[in-house]
Amino acid sequence: MIYFGSTRSSHGSPVVTPGRSVLLAGFAVAFVVGCGSDKSSGASSSTPGAVTGHVYVSMTGDNEIIVIDPATRAITGHIPVGVNPAILLATPDYEKLYTANWGDNTMSAVDVATQKVTSIALDSRPWVQAMSPDGKSVYVGLGSNEIAVIDTATDLIARNITFPTLPGSIIVSPDGKTLYVANVTGNTLEAVSSDTGDVIHPSLGVGVSPAWITISVDGASVYTLNFLSGDVTVVDTASWTVSATVKGPIDPDGGGTSAGIIGNVTPNGSILGVTDYGTQDVSAIDTKTNATAWTLPTVGRPIGIGFSPDSSRGYVGDQGPSSIAVTPSILVAALISGTVLEPTGDGLVTVFDAKTGAKLGDSIPIGKGPSSIVVTPN
């Protein structure tokens with residue numbers, strides 16, 4: 001299960017942007033990933049800004065959400081959820097969390113205050129999820145080629161939107177009226193009405209295998225992370241044209257391209273952070289120039305990424321040293337077959353300066369299969 005997902009706080013965006021946390025797409029494998037030595041870039045620096053709130057990480061291999069205190073870096077809680085929780089989102093008020101569980105075809109709704117968990121049964125695998133800006137609806141892309149719309153007040157399915165193909169990744173516009181949907185096998189992006197599913201903008205060609213999409217804070221640009229072509233396509237939502245293509249890092253050892261898996265925009269909109277599964281690093285794209293600002297190597301294959309509400313710190317989860325054995329080609333083959341590759345080793349969460357990419361202190365040891373990260377202000 002390839003895991004993806006990080007969210008922003010008010011839906012669809014980084015940090016843990018709930019609504020932006022969309023899925024990684026038409027790939028679906030729960031994998032074991034890892035890497036060898038810590039090639040982390042460098043020098044630690046003092047953590048910028050106040051360190052408050054909580055960091056939530058969905059653990060695909062441990063079937064839970066862990067809670068990290070960012071001030072002490074200690075794990076302070078474990079919340080059991082469904083099987084193989086691949087994507088994690090928060091409502092804009094941070095009062096509820098939702099996991100898309102690939103292993104048992106359910107969603108888990110978590111009341112943050114009480115940690116009560118409600119299971120929501122689905123008719124097929126929830127490949128992706130995205131939250132409306134008002135926090136009233138979660139849009140879940142299913143293997144049955146439809147989007148289930150869940151009412152967050154009741155945690156019941158309110159309606160379904162049918163698609164001709166698998167909605168591999170979804171993101172919601174800031175006004176909540178438009179769903180941007182990626183077709184991983186067709187290499188396209190489409191815009192439809194969040195109410196009716198009617199086409200607003202027809203399919204637009206992007207890179208190869210757009211397994212994850214996210215959106216700028218102002219909604220002017222949608223970013224598709226193209227796993228197989230190793231680049232990011234920037235789509236202008238007003239003109240519905242491709243405004244830029246940003247190439248990801250290249251593996252210096254000849255192992256292939258970046259294979260970006262999850263992307264998140266900082267709450268201030270300045271940086272698009274991308275976890276590069278293929279080159280084992282985080283790369284930051286300056287959203288004004290569409291140029292790579294910095295890269296940060298990780299110990300294992302990275303998946304989830306989130307940013308603090310003040311945009312000063314980033315958090316990346318990687319699947320640890322053992323994950324190096326699962327290359328992008330192995331992952332793709334598993335995804336195509338529908339296999340869920342269980343993580344075999346423990347992972348890490350690394351904290352970094354979002355502006356410079358400098359690593360902040362030692363990485364935090366965690367359990368198996370970190371996939372999505374949500375950072376809250378309280």
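What follows is a set of questions and answers on the labels used for this predicted model.

Me: What makes up the protein chain in terms of helices and strands?
Reply: The protein chain has one helix and 28 strands. Its 378 residues are 63% buried, and the chain exposes about 12,200 Å², of which carbon and sulfur atoms supply 53%. Of the contacts between residues at least 6 apart in sequence, 55% join residues at least 24 apart.

Me: How do you know how much confidence the predictor has in the protein chain?
Reply: The average pLDDT is 87, and 85% of the residues score at least 70. Over residues 1-47 the pLDDT is below 50, although this stretch has 319 contacts in the model beyond near neighbours in sequence.

Me: Why is Asn-101 called buried?
Reply: Buried means under 20% relative accessible area. Asn-101 has a relative accessible area of 0%, so the residue is buried. Asn-101 is found in strand β5, residues 96-101. Leaving aside residues up to four places away in sequence, Asn-101 touches Val-81, Gly-82, Val-83, Asn-84, Pro-85, Thr-106, Met-107, Ser-108 and Pro-126.

Me: What makes the approach of Asn-101 to Thr-99 a polar contact?
Reply: The cut-off for the pair of N or O atoms is 3.5 Å. The side chains of Asn-101 and Thr-99 are joined at 2.9 Å, which is within that limit. A second polar contact, of 3.0 Å, joins the side chains of Asn-101 and Ser-108.

Me: How do you know that β4 and β5 pair?
Reply: Pairing needs at least two bridges between the strands. β4 and β5 have five, in the antiparallel sense, so they count as paired.

Me: Why is strand β4 described as mostly covered?
Reply: Strand β4 spans residues 85-90, and six of its six residues are buried. Each of those residues is therefore under 20% relative accessible area.

Me: Why is Asn-63 called partly exposed?
Reply: Partly exposed covers values between the buried limit of 20% and the exposed limit of 50%. Asn-63 has a relative accessible area of 29%, so the label applies. Asn-63 is in the loop between β1 (54-59) and β2 (64-69).

Me: What makes the phi of Asn-63 worth a remark?
Reply: Most residues other than glycine have a negative phi. Asn-63 is not a glycine, yet its phi is positive, at about 55°.

Me: What makes β12 and β15 edge strands?
Reply: β12, β13, β14 and β15 form an open sheet in that order, with antiparallel pairing. β12 (169-172) and β15 (199-205) each pair on one side only. From one strand to the next, the twist averages 15°.

Me: How do you know that β13 and β14 are partners within this sheet?
Reply: Six bridges join β13 (residues 178-183) to β14 (residues 188-193), and the strands run antiparallel. The threshold is at least two bridges, so they pair. Leu-179 stands opposite Val-192 in β14.

Me: What makes β22 and β23 a pair, and what lies between them?
Reply: Six bridges join β22 (residues 281-286) to β23 (residues 291-297), with the strands antiparallel. Val-282 stands opposite Leu-296 in β23. The two strands form a hairpin with four residues between them, and Asn-290 in the turn has a positive phi of about 55°.

Technical notes:
Residues are numbered from 1 along each chain as its sequence is written. This is a predicted model: local features need pLDDT of at least 70, side-chain atom pairs count only at pLDDT 80 or more; totals for chains, interfaces and linings use all residues. Side-chain values use heavy atoms; hydrogens and water are left out. Axes are lines fitted to C-alpha atoms, for helices over the stretch in contact, and angles run from 0 to 180 degrees between N-to-C directions. Buried means under 20% relative accessible area, exposed over 50%, partly exposed in between (1.4 Å probe, protein chains only). A polar contact is a pair of N or O atoms within 3.5 Å; within protein, one must be able to donate a hydrogen and the other to accept it, and residues adjacent in sequence count only if both atoms are side-chain atoms. Contact means heavy atoms within 4.5 Å. Accessible areas come from the Shrake-Rupley method with a 1.4 Å probe; for residues, only the protein chains shown count as cover. pLDDT is the predictor's confidence in each residue, from 0 to 100.
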